[in-house]
Amino acid sequence: MSADRVLDAVQAALAAEHAAVYGYGVAGARVGAARKAEATAAHAAHRARRDALARTVRDLGGRPVAAAPGYALPFPVGDGAAAVRLAAHLEDRVAGVYSDLVRAAGGPLRREAAVALREAAVRAVRWRGSGVAFPGLAERAPNAVNGQ
C-alpha cells in the first residue's frame, strides 16, 4: 500500500466527515423530538472523527482538505421523515469511504477505519430500520440495488 493511496483515502474520509457534519446540522433541525438526541450524538461523533482525521492527514504529511461552505443535499429535507432518510444516506456515504480506507491502510489506521465503518453501519441501521449485507460497499447499498 502506497503512502499516497493511504493519504488519499484519509482525505476522502475527512471530506465525507465534513459533509456528514453539515448534513447532520440540517437533519438535526428537522428530525422529530423523539430522535433529536440520536441526531445530536451522531453529529458529535462525526465532528470527533473529522477532527481525528485532520490530525491523521497532518501526521501523514498532508494538508487536511477543508470543509466546503455548503453541500448539496441528495433530496429536499423539509420534514422529519426526510431528515431520517438524510441521516441514513449520510451514514451510508461515510461507511463507503471508511471501507475504502480499510482497503488502503494497515495497522492502527486500518483498525480505526474498521471501527468507524462499523459505527456508521450501526447508525445507518438505526436510522433506516434495516441493514445491508455489506455496509460500505456501494454495489450492495440499498440505493444501488433499487437503482436510485
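This is a predicted model: local features need pLDDT of at least 70, side-chain atom pairs count only at pLDDT 80 or more; totals for chains, interfaces and linings use all residues.
## Overall architecture

The protein has five helices and zero strands, and along the sequence its elements follow the pattern α-α-α-α-α. Of the 148 residues in the protein, 36% are buried.

## Helix 1 and its two partners

Two packed helices are described by the angle between their axes and the distance between the axes. The axes of helix 1, which covers residues 3–30, and helix 2 come within 9 Å and cross at roughly 155°. Because angles over 145 degrees count as roughly antiparallel, helix 1 and helix 2 are roughly antiparallel to each other. Their crossing is left-handed, and the residues of this contact divide into 13 nonpolar, seven polar and five charged.

Helix 1 also packs with helix 3, which covers residues 80–104, and here the axes come within 9 Å and cross at roughly 170°. Helix 1 and helix 3 are therefore roughly antiparallel to each other. By class, the contact of helix 1 with helix 3 has 20 nonpolar, two polar and seven charged residues.

## Helix 3 against helix 4

Helix 3 and helix 4 pack at an angle of about 160°, and their axes are 8 Å apart. These two helices are therefore roughly antiparallel to each other, and the crossing of helix 3 and helix 4 is left-handed.

On the side of helix 3, the residues that meet helix 4 include Val-84, Ala-87, Ala-88, Glu-91, Val-94, Tyr-98 and Leu-101. On the side of helix 4, the residues that meet helix 3 include Leu-109, Arg-110, Ala-113, Leu-117, Arg-123 and Trp-127. Sorted by class, the contact of helix 3 with helix 4 has 16 nonpolar, one polar and five charged residues.

## Two buried residues

Leu-53 lies in helix 2 and, at 6% relative accessibility, counts as buried, because the cut-off for buried is under 20%. Leaving aside residues up to four places away in sequence, Leu-53 touches Val-10, Ala-13, Leu-14, Glu-17 and Tyr-98. One of these, Ala-13, is 40 residues from Leu-53 in sequence, while the two are 7.5 Å apart in space, C-alpha to C-alpha.

Val-77 is found in the loop between helix 2 and helix 3, and with a relative accessibility of 9% Val-77 also counts as buried. Not counting residues up to four places away in sequence, Val-77 touches Val-26, Arg-30, Ala-82, Ala-83 and Leu-86. Val-77 and Val-26 are separated by 51 residues in sequence, and their C-alpha atoms are 7.7 Å apart in space.

## Salt bridges

Side chains of opposite charge can pair when their charged atoms come close. The structure holds seven salt bridges. One of them joins the side chains of Arg-49 and Glu-112, at 2.2 Å from N to O. Arg-49 lies in helix 2 (residues 36–59) and Glu-112 in helix 4 (residues 107–128), so the pair ties together parts that are 63 residues apart in sequence. Arg-49 counts as buried at 15% relative accessibility, whereas Glu-112 is partly exposed, with a relative accessible area of 39%. Arg-49 and Glu-112 are also linked with Glu-119 in a network of salt bridges.

Another salt bridge brings together the side chains of Arg-35 and Glu-38, at 3.0 Å from N to O. Arg-35 has a relative accessible area of 22% and is partly exposed, and Glu-38, at 26% relative accessibility, likewise counts as partly exposed. The side chains of Asp-51 and Arg-50 meet in a further salt bridge, also at 3.0 Å from N to O, and Asp-51 is partly exposed, with a relative accessible area of 34%.

Methods:
Residues are numbered from 1 along each chain as its sequence is written. Side-chain values use heavy atoms; hydrogens and water are left out. A salt bridge is a side-chain nitrogen of Lys or Arg within 4 Å of a carboxyl oxygen of Asp or Glu. Buried means under 20% relative accessible area, exposed over 50%, partly exposed in between (1.4 Å probe, protein chains only). Helices (H or I, at least four residues) and strands (E, at least two) are DSSP runs, numbered from the N terminus. Axes are lines fitted to C-alpha atoms, for helices over the stretch in contact, and angles run from 0 to 180 degrees between N-to-C directions. Angles under 35 degrees count as roughly parallel, over 145 as roughly antiparallel, 65 to 115 as roughly perpendicular and the rest as oblique. A crossing is left-handed if the near helix is turned anticlockwise from the far one by less than a right angle, and right-handed if clockwise. Ala, Val, Leu, Ile, Met, Phe, Trp, Tyr, Cys and Pro count as nonpolar, Asp, Glu, Lys and Arg as charged, and the others, Gly among them, as polar. Contact means heavy atoms within 4.5 Å.
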